[in-house]
Amino acid sequence: MRNFLFILIAFVLSPALASAQFTTVSYDLSNNWFNGGLPLPAEKSMIFKGVIPEQTALVELSILSAKRSNELYTATWTKTNSSELSLIVPFKLRASDEYDIRLYFFESLNTAEQQALERQLITMLHTYIDVNATGEKSIKFASNEQKMIKEMNGIMNKKLANYRSKRMLWEADFSEMVGLKIEQLEKIDLDSEYLKKDSTVTRQEVRTRTRNKQIEALKVQIGEEIHQLLATDLFVLRDSRLIDNYATEKKQNSLALNLGFGGVYLAGNWDDFTYGSSPYLGIAFPLGN
C-alpha cells in the first residue's frame, strides 16, 4: 500500500518537477536577438546565455510589457571568471504574446572614477544647501526638512541612476540624522556667541561665523553619508540594448479530456481499510496559460 502511495505522489508531482527546469535562451549581441530570431520559450523558466564584451562586469535584464511598457521582472548577473553570460530568469512568459526586453551592460568603476563621482555628488548637495539656506538673524530654509530630504534624495538618485552597487540592498537615501540636523539649525540663536564687551567683532560678524559653522556641520554629515553609501564596488552603465516587441512561442488553447479510474479512501487503517473506486470521464478547464 505504501509503495502505491509513493508511486501516486511521484506521478502527481512529476509535472511540477518538470516545470521547474530551465530552458536555455541564446543571446546574440551583434544581431541583438534570441535563439537566432526564434520566439522566446513560453511558460518556462529561462537561462540567458551569450558572449558579452570582456570588460562587462554586470548585466541587468528587464522584461517589460510590450503593450504598457511597465516593468514585469528584472534579473542581474555579475561576472566571476568567465565572460559568457549565464543569467537565470525564473519568470515565465505568456504564450502567443510579445515583450520588450532591455539589456544593460555595466563596467566596474576604478578608484579615481569612484572618487570623482563622490566629489560631484557632494558638490551638488552642498550647492543645494547653500541655495536653500537664507536668513541673517537666524537660519531659515526655503522648504521644511521633509521636503528637503525628499529633494536631496531625488538629486542623489538621479545622479546614481546609471550606477549599480555590488551590495544588493543599495538604498540611496539620507538618514533621519540629516533631517534632524536641518530642523535643529532653524532653532539656533545666531547671537548666542556675541559678547557686547568684545569690540573686535560686530554682531553681524558673529552671526555670519556661527551660521557658516552650523551649515558646515550639516554639509559634513551629508558628505559622510554619501561616502558611506559609495564605499563599495560600483558599476557604471556603458551600453544598453532594446529588443522591441519580441514574440513568445505560440501554444494552442485546448480543453483537456480526462479519462481514467479513480479511488477514494473511506475508513480503516493500513491493514484493513474501506475504499470506493469507479471509472471517470471529465473535461478540465485550464485557468492559466
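Leu 160 touches Leu 117, Leu 121, Trp 170, Ala 172, Leu 229 and Leu 230, leaving aside residues up to four places away in sequence. The model is predicted. Leu 160 is also one of the residues that touch the most other members of the largest nonpolar core.

**Nonpolar cores**

- The largest nonpolar core has 31 residues.
- Besides Leu 160, the members with the most contacts to other members are Ile 129, Phe 141, Met 152, Phe 174, Ile 222 and Ile 226.
- Two or more residues of this core come from each of helix 2 (111–132), helix 3 (145–159), helix 4 (176–185), helix 5 (203–229) and strand 11 (234–247).
- Helix 2 gives the largest share, six residues.

- Five strands make up an open sheet, in the order 5-4-7-11-10, with antiparallel pairing.
- Strand 5 (71–78) and strand 10 (163–165) are at the edges.
- Each of these two has a single partner strand, so one of its sides has no neighbour in the sheet.
- From one strand to the next, the twist averages 30°.

**Strands 4 and 5**

- Strands of a sheet pair through backbone hydrogen bonds, in either a parallel or an antiparallel way.
- Strand 4 (residues 56–65) pairs with strand 5 in the antiparallel sense, over seven bridges.
- Opposite Val 59 stands Trp 77 in strand 5.

Definitions and conventions. Residues are numbered from 1 along each chain as its sequence is written. This is a predicted model: local features need pLDDT of at least 70, side-chain atom pairs count only at pLDDT 80 or more; totals for chains, interfaces and linings use all residues. Side-chain values use heavy atoms; hydrogens and water are left out. A nonpolar core is a set of buried Ala, Val, Leu, Ile, Met, Phe, Trp, Tyr and Cys residues joined through side-chain atoms within 4.5 Å. Buried means under 20% relative accessible area, exposed over 50%, partly exposed in between (1.4 Å probe, protein chains only). Helices (H or I, at least four residues) and strands (E, at least two) are DSSP runs, numbered from the N terminus. Contact means heavy atoms within 4.5 Å. Two strands pair if DSSP finds at least two bridges between them. Axes are lines fitted to C-alpha atoms, for helices over the stretch in contact, and angles run from 0 to 180 degrees between N-to-C directions.
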